[in-house]
Amino acid sequence: QITVGVLALQGGVREHVRLLEELDARTVPLRTPSDLLGADGVRVDALVLPGGESSTIDRLLRTFGLFEPLREAIAAGLPTLGTCAGLILLAREVLDPAPGQHSLGVLDVTVRRNAFGSQVDSAELDLQTVDGPVTVAFIRAPQVVATGPGVEVIALRDQAIVGVRQGAITGIAFHPELTGEPLFHRRLLETASGAAASVRSVA
Ligand code: GLN
C-alpha cells in the first residue's frame, strides 16, 4: 500500500485525503519535519500539496521548520502533486508574491497567482489533458506563464497553461479533489509504486 503525506498546515486537505483513500492509499497529515521523515515508522512514498493560500502555507512551512526538509525531499525525487496553492509553492518563480512570500523552487515554472480573476470567477470546467478529459474546479487559480526545458505541459484552459509535469512532480492550477476527479491522484500513486519498486530492486 502506498502512503501519501498530505501537507496539512492550511487549505483543502480533507478532500485530498478522501480521494486518496478511495484509491486505496494510506494518508498521513504532514505538519512537522518528523512527519515527513517517518519518525513514527511510516515512510511517505508520495506527497500532496493542497490548495489554500500559498503565502500562508509558505509562512507556516517556515514556522514549523518544514520548508527545507520538504524542498529537499521533493528535489530528491519524492513523487509530488501540487494543486493550486500547491503549484504556486512548487514553482521556481512567483510573479506577484505576497510580501515576503517564498516558494520551494523545485518545479521549473513561473506562475501568476489569481490569473483567472477573483473568487466570483471560480468555476467547474471540463478540460482536456494529455491523459484524457477531466472535470475540475478552478478557485482563484494561478496560471503557468513560463516553463523550463524539462517541463511537459499536461493541461490547458483555452490558451493558458494550467497543468505541468517535470519528472515525478506534477503541478495543476485547479482542484480535481473537489469534483472527485481521480486521474491525477491515480497517476501519483502509479508513479510512487514505480519508484518504490525500483528502490526495492536495487536494495
Ligand atoms: N489564490 C491562492 C493563492 O495565491 C490559491 C487558490 C487556491 O489554492 N484555490 O495561494
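Modeller: The protein has six helices and 12 strands; helices (H or I, at least four residues) and strands (E, at least two) are DSSP runs, numbered from the N terminus. With a radius of gyration of 16 Å, close to the 17 Å that the globule rule gives for 203 residues, the protein is as compact as a globular protein of that length. That radius is taken over C-alpha atoms, and the rule is 2.2 Å times the number of residues to the power 0.38. This is a predicted model: local features need pLDDT of at least 70, side-chain atom pairs count only at pLDDT 80 or more, and totals for chains, interfaces and linings use all residues. Residues are numbered from 1 along each chain as its sequence is written.

Colleague: Which residues of helix H1 are buried, and which are exposed?

Modeller: An α-helix has 3.6 residues a turn, so residues three or four places apart point the same way. Seen down the axis of H1, the buried residues fall within an arc of 165°, so they line one face of the helix; the arc is that of the directions from the helix axis to the C-beta atoms. Arg14, Glu21 and Glu22 are exposed on the other side of H1.

Colleague: What percentage of the residues of the protein count as buried?

Modeller: Of the 203 residues, 46% count as buried.

Key:
A residue is buried if 20 or more other C-beta atoms lie within 10 Å of its own, exposed if 12 or fewer, and partly exposed in between; C-beta atoms are placed from the backbone.
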